[in-house]
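Hi everyone, and thanks for coming. Let me put the sequence and the structure up on the screen before I say anything about them.

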Amino acid sequence: MSECRGPVDQDDDVPCVHVRCLGARDAEPEWVAYLEHGLEEEGVPWLVEFDAADDSVAAAHGAALESALKIGVSVHETRIVVHHKQLPDDEPVFDVSEVTASDARDLGSNAARLAKGTPLKSLD
């Protein structure tokens with residue numbers, strides 16, 4: 001089951017970053033909203049999906065493979081992984097544990113910047 005957010009409607013065929021929330025569907029990680037702010041600031045559409053997987057890196061890589069923008073993100077309770085389709089499946093662009101709100105927002109911005117090919121923000 002997936003859910004489109006931002007400027008994308010479910011039926012649109014707009015390329016977007018795929019964001020996978022890991023865990024139960026009714027327990028969206030709190031970092032998703034901050035991640036969405038970062039994506040929205042960069043003007044890149046995204047799609048939120050729920051996944052029962054427990055491997056964050058594999059989930060992010062799988063999302064990247066399905067994204068027309070080649071960017072996938074997995075969000076867990078304490079961890080965010082950003083992956084690019086062309087990278088080896090076990091080598092994500094970012095893998096941040098003990099996430100803060102600022103980290104989540106910057107990771108959303110960086111996921112969008114990867115899609116746009118613009119310089120990335122440094123994570124503090």
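First, some ground rules. This is a predicted model, where local features need pLDDT of at least 70 and side-chain atom pairs count only at pLDDT 80 or more, while totals for chains, interfaces and linings use all residues. Residues are numbered from 1 along each chain as its sequence is written, and side-chain values use heavy atoms, with hydrogens and water left out.

When I say helix or strand, I mean DSSP runs numbered from the N terminus: H or I of at least four residues for helices, E of at least two for strands. Contact means heavy atoms within 4.5 Å. Buried is under 20% relative accessible area, exposed is over 50%, and partly exposed is in between, using a 1.4 Å probe and protein chains only.

Let's start with helix 3, residues 101–116. How far apart are its end C-alpha atoms? They are 23 Å apart, which agrees with the 22 Å that its 16 residues should span at 1.5 Å a residue; the expected span is 1.5 Å times one less than the number of residues.

Now look at its partner. Helix 1, residues 31–41, packs on helix 3 at an angle of about 40°, with the axes 7 Å apart. That makes helix 1 oblique to helix 3, since angles under 35 degrees count as roughly parallel, over 145 as roughly antiparallel, 65 to 115 as roughly perpendicular and the rest as oblique. Those axes are lines fitted to C-alpha atoms over the stretch in contact, and angles run from 0 to 180 degrees between N-to-C directions. Residues making this contact include Trp31, Tyr34 and Leu35 of helix 1, and Ala104, Leu107 and Gly108 of helix 3.

Which residues of helix 3 are buried? Among them are Asp103, Asp106, Leu107 and Asn110. Their cover includes helix 1 as well as strands 2, 4, 5 and 6.

Two of those names come back when we turn to Phe94, in strand 6. Phe94 counts as buried, at 15% relative accessibility. Leaving aside neighbours within four places in sequence, Phe94 touches Leu107 and Asn110, along with Ile80, Val81, Val82, Leu120 and Leu123. Phe94 and Leu123 are 29 residues apart in sequence, yet their C-alpha atoms are 9.6 Å apart in space.

Helix 2, residues 56–66, is mostly covered too, with 8 of its 11 residues buried. They include Val57, His61 and Ala64, and the buried residues pack against strands 2, 4, 5 and 6.

Finally, the loops. Most residues other than glycine have a negative phi. Lys70, in the loop between helix 2 and strand 4, has a positive phi near 70°. Lys70 is partly exposed, at 32%. Glu98, between strand 6 and helix 3, has a positive phi as well, near 55°, and Glu98 counts as exposed at 61% relative accessibility.

One last stop: is Ala52 buried or exposed? Ala52, in the loop between strand 3 and helix 2, is exposed, at 75% relative accessibility. Its C-alpha atom is separated by 8.3 Å from that of Cys21, 31 residues apart along the chain.
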